[in-house]
Amino acid sequence: MAEVLKIAIQKSGRLYDESVKLLKDCGIGLKNGINRLKTEVDNFPMEIYFLRDDDIPQYVEDAVANVGIVGENVVYEKNKQVDIVEKLGFGKCRLSVAVSKNEKYDKVSFLANKRIATSYPLLVQQFLDKNNVKAEIHAISGSVEIAPGIGLADAIVDLVSSGSTLFMNGLKEVETVLDSQAVLIKNKNLDAARTQLLEKFLFRIRAVKKAKNNKYILLNAPNEKLKDIIGLLPGMKSPTVLPLAEAGWSSVHSVVDENDFWDIIAKLKEAGAQGILVVPIEKMIM
Ligand code: ATP
Ligand code: ZN
């Protein structure tokens, strides 16, 4: 039987949709009629395992799966022997310290001798050590945010994205322990065949990520303004310029980074660009 790359992804939860979408964007079609433990793929030598996110680092260390998609928070907390190969740009959140909104928190030493409830005891201990603070860590597995309200803790360390859960529980965020996002991890001893499959998969992931961060832009420009307008566009190499049917006008095509996008649009308009169209890019190979 030919070699397949076994990948572990979260079976349900916050990383599930984006993990499946990434695979699909990479042209990896999940078979329907999914047996909810594992599924095969039609058009790529891959097998997908659906697991609890907490278990993924262990399975990858043990080579039950060759690679996995999981939050950095879980990778560092579980502290297994795996390599992080790529940040995936989704599942972004922070592991943060929060205290009651009535507390006068000024610095980390506030936590000295306090009780901290968390599902991330290792990361919290490392954070306290780094700041030379001694405190009592209470490891609990869920609903950490209610611990201060019921008198179980003076502070918590938990994952935060918008902060609305903290707010609803009368808490405020006071320190960031870790910025986290989903990453691709791999077993440390992949054989040559699996390494090659991983390279192929990574090539696709990078093309999808790059495309997500860029937009294709088309605009019309009067020829006398072309030089200024082209000067504003970075493009992959240099922009494409085509004559329009109307004399004295050209169509300009280029690629712009999402981060600079609004800035560039404003400048393009100022420089005399008209009929600006912006379209998403599906894949981008440099
Ligand atoms: P499982 O049943 O697989 O153990 P879970 O309840 O532990 O699921 P989820 O809440 O689905 O996990 O979160 C999975 C991951 O999503 C987190 O480990 C984290 O990396 C990421 N994440 C992104 N934003 C948030 C957030 N606001 N709160 C919690 N996790 C978040
Ligand atoms: Zn979990």
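1. Domain bounds here come from an automatic or database domain assignment. The structure under review is a predicted model. The assignment divides the protein into domain 1 (5-91 + 182-211), domain 2 (93-180) and domain 3 (214-280). Between domain 2 and domain 3, the C-alpha centres are 48 Å apart.

2. The surroundings of ligand 1 comprise 16 residues, and R14, D53, D54, N73 and S161 are the closest. Sorted by class, the shell holds 7 polar, 5 charged and 4 nonpolar residues.

3. Several polar approaches to oxygen atoms of ligand 1 deserve mention. In the side chain of N73, an N or O atom lies 2.7 Å from an oxygen atom of ligand 1. A polar backbone atom of R14 is 2.8 Å from an oxygen atom of the ligand. For R52, the corresponding distance is 2.9 Å, from an N or O atom of the side chain to an oxygen atom of ligand 1. The ligand taken alone exposes 630 Å², of which the protein buries 77%.

4. How many cavities of 30 Å³ or more does the count give? The count comes to 1 cavity at that cut-off. The volume of the largest cavity is about 40 Å³. Its lining consists of E18, K21, L22, D25, F90 and K212.

5. In summary, two sites may be inspected in turn.

Note on methods
Residues are numbered from 1 along each chain as its sequence is written. Chains are lettered from A and ligands numbered from 1 in the order in which they are written. This is a predicted model: local features need pLDDT of at least 70, side-chain atom pairs count only at pLDDT 80 or more; totals for chains, interfaces and linings use all residues. Side-chain values use heavy atoms; hydrogens and water are left out. A residue is near a molecule or strand if one of its heavy atoms lies within 4 Å of it. A polar contact is a pair of N or O atoms within 3.5 Å; within protein, one must be able to donate a hydrogen and the other to accept it, and residues adjacent in sequence count only if both atoms are side-chain atoms. Accessible areas come from the Shrake-Rupley method with a 1.4 Å probe; for residues, only the protein chains shown count as cover. Ala, Val, Leu, Ile, Met, Phe, Trp, Tyr, Cys and Pro count as nonpolar, Asp, Glu, Lys and Arg as charged, and the others, Gly among them, as polar. On a 1 Å grid over the protein atoms alone, a cavity is a set of points where a 1.4 Å probe fits but cannot get out, and a pocket is an open set with protein on both sides within 12 Å along at least five of seven lines; lining residues have an atom within 4 Å of a point. Grid points are joined across faces, edges and corners, and a volume is the space filled by probe spheres set on the points.
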